[in-house]
Amino acid sequence: MSHGPRSGLYAVSSALLAMSRHLEVRDVLKTIVASARELLDAQYAALGVPDDHGGFAQFVVDGVSDAQWKAIGPLPRQHGILAAMLREARPERLADVRKDPRFEGWPAAHPDMSDFLGLPIRDGDEIIGALFLANKVRPEGEPPCPRPDGRCGFTEDDEELLTILAQHAAIALTNARLYERSRELTIAEERSRLAHELHDAVSQKLFSLRLTAQAAATLVDRDPSRAKGELQHVAALAAEATEELRAAVVELRPAALDEDGLVATLRTHIQVLDRAHSARVTFSSHGVRALPASQEEAVLRVSQEALHNALRHSGAARVDVTLDRRGPGAVLHVRDDGSGFDPTAIRSAGRHLGLVSMRDRASGVGGTLTVESAPGKGTVIEMEVPGG
């Protein structure tokens with residue numbers, strides 16, 4: 001075992017604490033993989049969540065670069081050693097995975113692996129995941145490995161340590177699933193509430209619009225001036241109904257964050273806005289890593305609100321959105337060359353431009369939001385989130 005009793009206990013404790021800090025399934029999976037790889041001094045680690053069709057619903061890796069992972073290709077299927085481990089629900093510890101009769105090879109871009117340790121993650125009788133480690137690395141300062149190939153290989157102690165980690169990983173993963181299910185139910189309830197509110201509000205607006213239009217029709221011949229006023233009221237009511245529909249749709253529309261990630265989702269959203277508006281809307285991003293799901297959602301919502309303000313209220317001819325890495329987190333900038341406003345009048349402006357809700361979203365995920373603006377000088381919205 002590469003860790004002494006004291007250091008091993010500390011490492012396990014640190015890994016368990018890291019897992020308990022996250023609630024979203026994706027974040028929990030990444031934390032489990034990173035913790036397992038660090039804890040057992042492995043070069044590579046992966047965690048797969050099996051689906052019901054012979055594949056993996058989710059597959060997270062650590063120790064493989066994004067470029068390598070992309071070159072490897074599609075997610076692995078449940079075959080060979082992986083299938084045996086999932087089917088028989090027992091650990092697999094191999095000196096050289098390539099020499100096992102069940103080994104079926106891997107894609108050309110796949111890194112070379114030899115010593116292997118795999119363990120199913122179980123919730124009662126259900127296998128909810130499988131944890132894999134490969135290529136044991138000898139920590140600096142310890143004696144060299146005795147094997148001729150220089151590989152250390154995983155030990156029985158390593159397997160025992162990974163078993164402990166897998167048991168707690170099952171708890172963390174189950175809790176994360178329950179949390180996400182609870183959140184889905186809350187979202188469904190909120191959508192139902194919004195749908196009722198939308199129906200009531202828009203129905204009232206349309207009813208008023210119909211009555212006003214009828215009044216205008218009866219006044220066209222005998223009182224054109226009054227008819228003109230009624231038609232202006234019709235236009236105002238139609239604009240209000242449109243605005244309420246837009247606001248509700250933004251809240252109801254599910255973001256494609258889980259499938260596409262924050263950068264791709266923002267890029268697609270901004271491309272649509274650029275086509276839909278006369279203003280030029282651009283997007284650029286540099287070095288942004290995946291963020292905790294709650295932070296990605298907050299960044300997306302703040303950017304949507306800031307873009308709406310710039311395109312609907314500021315009269316901007318150009319809006320530039322950037323999302324860049326800052327330490328472990330990210331910073332969002334939404335800049336426009338519009339009319340701007342006086343930040344000292346923040347009380348009225350805040351209500352009108354949604355600045356209060358944007359600040360609440362930022363602070364709710366441990367981030368910050370700042371606003372720079374002046375009449376005739378445009379506006380810059382900056383949001384920073386800390387990352388995971």
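This is a predicted model: local features need pLDDT of at least 70, side-chain atom pairs count only at pLDDT 80 or more; totals for chains, interfaces and linings use all residues.
## The five-stranded sheet

Five strands make up an open sheet, in the order E2-E1-E5-E4-E3, and their pairing is antiparallel. The edge positions belong to strand E2 (56-62) and strand E3 (92-94); each has a single partner strand, so one side of each has no neighbour in the sheet. On average, neighbouring strands of this sheet are turned by 15 degrees against each other, direction ignored.

Strand E1 (residues 42-50) runs antiparallel to E2, and six bridges join the two. Within this pair, Ala46 of E1 stands opposite Val61 in E2. Helix H2 (residues 25-39) packs on the sheet, where it touches E1, E2 and strand E5 (126-136). The direction of H2 makes about 145 degrees with that of E1.

## Helix H4

Helix H4 (residues 80-88) lies across E1, E2, E3, strand E4 (116-123) and E5. Its direction is at about 135 degrees to E5. How many of the nine residues of H4 are buried? Seven are, so H4 is largely enclosed by the rest of the structure.

The buried residues are Gly80, Ile81, Leu82, Ala83, Ala84, Met85 and Leu86. The elements that cover them include E1, E2, E3, E4 and E5. Just after H4 comes Ala89, with a positive phi of about 55 degrees.

Gly153 is placed in the loop between E5 and helix H5 (156-219). Its relative accessibility is 8%, and because buried means under 20%, Gly153 counts as buried. In sequence, Gly153 and Val137 are 16 residues apart; in space, their C-alpha atoms are 8.3 Å apart.

## The E9-E10 hairpin

Strand E9 (residues 368-373) and strand E10 (residues 379-385) pair in the antiparallel sense over six bridges. The two strands form a hairpin with five residues between them. In the turn, Gly376 has a positive phi of about 80 degrees.

Side chains alternate along E9. Glu372 has Val380 in E10 as its bridge partner.

## Salt bridges

Side chains of opposite charge can pair when their charged atoms come close. The structure holds 13 salt bridges. One of them joins Arg90 and Glu92, with the closest N and O atoms 3.0 Å apart. Arg90 is partly exposed, with a relative accessible area of 37%, whereas Glu92 is buried at 4% relative accessibility. Both residues belong to a network of salt bridges that links Glu88, Arg90, Glu92, Asp100 and Arg102.

Another salt bridge is formed by the side chains of Arg280 and Asp274, at 3.0 Å from N to O. Arg280 is partly exposed at 43% relative accessibility, and Asp274 is partly exposed with a relative accessible area of 24%.

Arg326 and Glu384 also form a salt bridge, with their closest N and O atoms 3.0 Å apart. This pair links distant parts of the chain: Arg326 is in strand E7 (residues 318-326) and Glu384 is in strand E10, 58 residues apart. Arg326 is partly exposed, with a relative accessible area of 36%. Glu384 is partly exposed too, with a relative accessible area of 26%.

How values were computed:
Residues are numbered from 1 along each chain as its sequence is written. Side-chain values use heavy atoms; hydrogens and water are left out. Two strands pair if DSSP finds at least two bridges between them. Helices (H or I, at least four residues) and strands (E, at least two) are DSSP runs, numbered from the N terminus. Axes are lines fitted to C-alpha atoms, for helices over the stretch in contact, and angles run from 0 to 180 degrees between N-to-C directions. Contact means heavy atoms within 4.5 Å. Buried means under 20% relative accessible area, exposed over 50%, partly exposed in between (1.4 Å probe, protein chains only). A salt bridge is a side-chain nitrogen of Lys or Arg within 4 Å of a carboxyl oxygen of Asp or Glu.
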